[in-house]
Amino acid sequence: MIRVMMICLGNICRSPMAEFVLKDMVAQRGLSDCFEIASAATSTEEIGNPVHPGTRRKLAEVGISTAGKYAVQVKRSDYDRYDYFLLADSSNLRNIRRIIPADPENKIHRLLDFSDRPRDIADPWYTGNFDVTYDDVVEGCEAFLRHVLNERK
Ligand code: 4NP
């Protein structure tokens, strides 16, 4: 079992998009039973709120539902449960350190650090553009899946 937690600031735009895109990718490969995939916020801003309409609309276009997802905050105890914490951007690398101060098992990475072009995921909170965010998320999830599936060969 590979346990993955996607992380962003609010857990309403970027990290739930990454959670449900990665769930869809593993389902398409028949690998759902090999993965546990979740998402969480570093902030308390949006706790309990549903996924942002922009993310819901974009994922609906590609046939993915986010039903049942409400924002939660990452907890210290999550460090022991999950194998990978995949962050939307480098500001969240700093934020998560307030909750999980040390990373002795090297579990914390930016999602797009697995891609050939390491960078932050475009933040739709500021751009209003969920299409670019989606393209970044797909690129990151594909690169991450290649990485973990190769490691397990
Ligand atoms: P997210 O988007 O981190 O991708 O879920 C944001 C959500 C809330 C805020 C910023 C970004 N906020 O400032 O409350």
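Begin with the largest cavity, to which strand 1 (2-8), helix 1 (14-28) and strand 3 (84-87) each contribute at least two lining residues; helices (H or I, at least four residues) and strands (E, at least two) are DSSP runs numbered from the N terminus. The model is predicted, so to speak of local features requires pLDDT of at least 70 and side-chain atom pairs count only at pLDDT 80 or more, while totals for chains, interfaces and linings use all residues. Residues are numbered from 1 along each chain as its sequence is written, and side-chain values use heavy atoms, with hydrogens and water left out.

**The cavity.** Select Met6, Ile7, Arg14, Ser15, Ala18, Leu86, Leu87, Ala88, Leu111 and Ile121, which line this cavity. On a 1 Å grid over the protein atoms alone, a cavity is a set of points where a 1.4 Å probe fits but cannot get out, and lining residues have an atom within 4 Å of a point. Helix 1 supplies the largest share of the lining, 3 residues. The space inside is about 40 Å³, a volume being the space filled by probe spheres set on grid points joined across faces, edges and corners.

**The pocket.** Next, select Cys8, Leu9, Gly10, Asn11, Ile12, Cys13, Arg14, Glu45, Glu46, Asp123, Trp125 and Tyr126, the lining of the largest pocket. A pocket is an open set of points with protein on both sides within 12 Å along at least five of seven lines. The volume of the largest pocket is about 180 Å³.

**The ligand.** Now display the ligand, which sits in the largest pocket; this requires more than half of its atoms to lie within 2 Å of the pocket's grid points.

Finally, inspect the polar contacts (pairs of N or O atoms within 3.5 Å). A polar backbone atom of Leu9 is 3.0 Å from a ligand oxygen atom. For Asn11, a backbone N or O atom lies 3.2 Å from an oxygen atom of the ligand, and for Cys13 a polar backbone atom is 2.9 Å from a ligand oxygen atom.

Key
Polar contact = N/O pair within 3.5 Å; in protein donor to acceptor, adjacent residues only side chain to side chain.
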